[in-house]
Amino acid sequence: MILVTGANGNVGREVVKELQRLHCEFKLSTHRKNTDHIYLDFEDPSSIRPALQGIKKLFLIRPPHLADKKYFEPVIEAAKEVGIEQIVFLSLLGAEKNKIVPHAKIEDLIIQSRIPYTFLRPSFFMQNLLTQHGDELLNEQIIFVPAGQGKTSFIDVRDIGVVAAKALTESGHRFKAYSLTGKEALSYYDVARLLTKHLQKEIRYTNPSILAFWRKMRKKGLKRDFIIVMIGIYTTAKLGLAKTVTNELKELLGREPITMEEFIKDNLEAFMIGFYSR
Ligand SMILES: NC(=O)c1ccc[n+]([C@@H]2O[C@H](COP(=O)([O-])OP(=O)(O)OC[C@H]3O[C@@H](n4cnc5c(N)ncnc54)[C@H](OP(=O)(O)O)[C@@H]3O)[C@@H](O)[C@H]2O)c1
């Protein structure tokens with residue numbers, strides 16, 4: 001039996017779709033009480049052991065607001081105790097080289113537990129354009145991120161869902177780590193050009209300064225910590241550190257990864273009316 005955590009999120013939702021398509025048996029967990037799904041809250045250690053009873057494989061995500069590894073120690077300990085046979089963990093591109101990010105610390109915990117693992121280390125999600133930046137795109141026809149001319153090897157979360165389901169259901173993925181990227185690295189100027197072409201209205205990339213970005217995000221009511229994380233991510237792109245392109249996604253999928261242009265075309269309505277149903 002497979003348990004999918006973060007099943008309502010960007011990636012978990014795609015993992016669920018793919019497992020359904022493959023007619024696999026699986027369960028979903030949520031940190032919301034009183035739903036039909038299994039209750040598992042990383043902030044409530046008492047919820048963890050009961051949630052893992054009878055589970056053999058775990059798709060584990062780190063909710064973006066939980067940075068401390070203390071939230072994940074109980075789940076990995078419990079996984080060991082109940083005999084989980086594999087953890088497929090949604091990590092981050094470059095986590096193996098950047099020991100500061102929470103994903104690296106969680107990877108280390110999993111390695112130390114000796115539970116067979118598959119680490120999925122994806123690049124930046126295309127879907128962020130709709131989720132985190134959808135407001136500016138819709139209301140002001142701009143992309144407002146401080147990433148300079150830097151390029152990013154964007155990935156579509158639908159492709160991550162397919163790979164996660166493969167890792168959970170096929171043999172040969174234990175003790176492996178996959179660096180997953182799209183097949184091309186694009187700047188936000190490139191993305192703005194593609195959006196302009198398909199939305200039939202001009203979309204501009206304004207390339208704001210960090211200060212201008214900070215002020216606008218604060219005005220929108222975003223929390224300081226969250227803005228700092230975003231600035232870190234876009235500065236990484238600005239410095240040219242997010243442009244790595246690997247072949248691993250293509251090899252795992254057995255086809256080309258979804259391109260930014262395909263992603264835009266598949267989500268025209270969401271870009272036009274600002275409603276992203278996923
Ligand atoms: N965005 C990117 O470009 C990018 C790139 C690479 C890696 N990542 C990594 O991907 C992860 C985020 O994945 P995502 O975008 O799919 O997540 P997401 O859409 O933000 O969803 C987070 C999920 O976590 C669950 N959740 C929230 N609080 C919880 C708690 N206390 N205990 C248990 N579950 C909880 C939520 O479901 P319920 O409310 O139902 O519990 C929700 O489904 C992060 O670790 C991020 O660093 C992101």
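1. Which side-chain atom of Arg32 lies 2.8 Å from an oxygen atom of the ligand? A polar one. Such pairs are listed here as polar contacts, meaning N or O atoms within 3.5 Å; within protein, one must be able to donate a hydrogen and the other to accept it, and residues adjacent in sequence count only if both atoms are side-chain atoms. The protein covers 88% of the 930 Å² of accessible area that the ligand has on its own, with areas from the Shrake-Rupley method and a 1.4 Å probe.

2. A word on the basis: this is a predicted model, where local features need pLDDT of at least 70 and side-chain atom pairs count only at pLDDT 80 or more, while totals for chains, interfaces and linings use all residues. Residues are numbered from 1 along each chain as its sequence is written, and side-chain values use heavy atoms, with hydrogens and water left out.

3. Back at the ligand, Asn8 places a polar side-chain atom 2.6 Å from a ligand oxygen, and a polar backbone atom of Gly9 is 3.0 Å from an oxygen atom of the ligand. The surrounding shell has 27 residues, and Asn8, Thr30, His31, Asp41 and Arg62 are the closest; a residue belongs if one of its heavy atoms lies within 4 Å.

4. By class, that shell holds 12 nonpolar, 11 polar and 4 charged residues. The ligand lies between domain 1 (2-122) and domain 2 (123-155 + 181-244 + 254-278), because both give residues to the shell. The domain bounds come from an automatic or database assignment.

5. On to charges: there are 17 salt bridges, each a side-chain nitrogen of Lys or Arg within 4 Å of a carboxyl oxygen of Asp or Glu. In one of them, Glu81 pairs with Arg49, with the closest N and O atoms 2.2 Å apart. This pair links distant parts of the chain, helix H3 (residues 73-82) and helix H2 (residues 48-52), 32 residues apart.

6. Asp190 and Arg193 form a salt bridge at 2.7 Å between the closest N and O atoms. Both sit in helix H8 (residues 188-199), 3 residues apart, so about one helical turn separates them. Asp190 is buried at 17% relative accessibility, whereas Arg193 is exposed at 55%; buried means under 20%, exposed over 50%, and partly exposed in between.

7. Lys197 forms a salt bridge with Glu261, also listed with closest N and O atoms 2.7 Å apart. Lys197 is in helix H8 and Glu261 in helix H12 (residues 260-266), so the pair ties together parts 64 residues apart in sequence.

Key:
Ala, Val, Leu, Ile, Met, Phe, Trp, Tyr, Cys and Pro count as nonpolar, Asp, Glu, Lys and Arg as charged, and the others, Gly among them, as polar. Helices (H or I, at least four residues) and strands (E, at least two) are DSSP runs, numbered from the N terminus. Buried means under 20% relative accessible area, exposed over 50%, partly exposed in between (1.4 Å probe, protein chains only).
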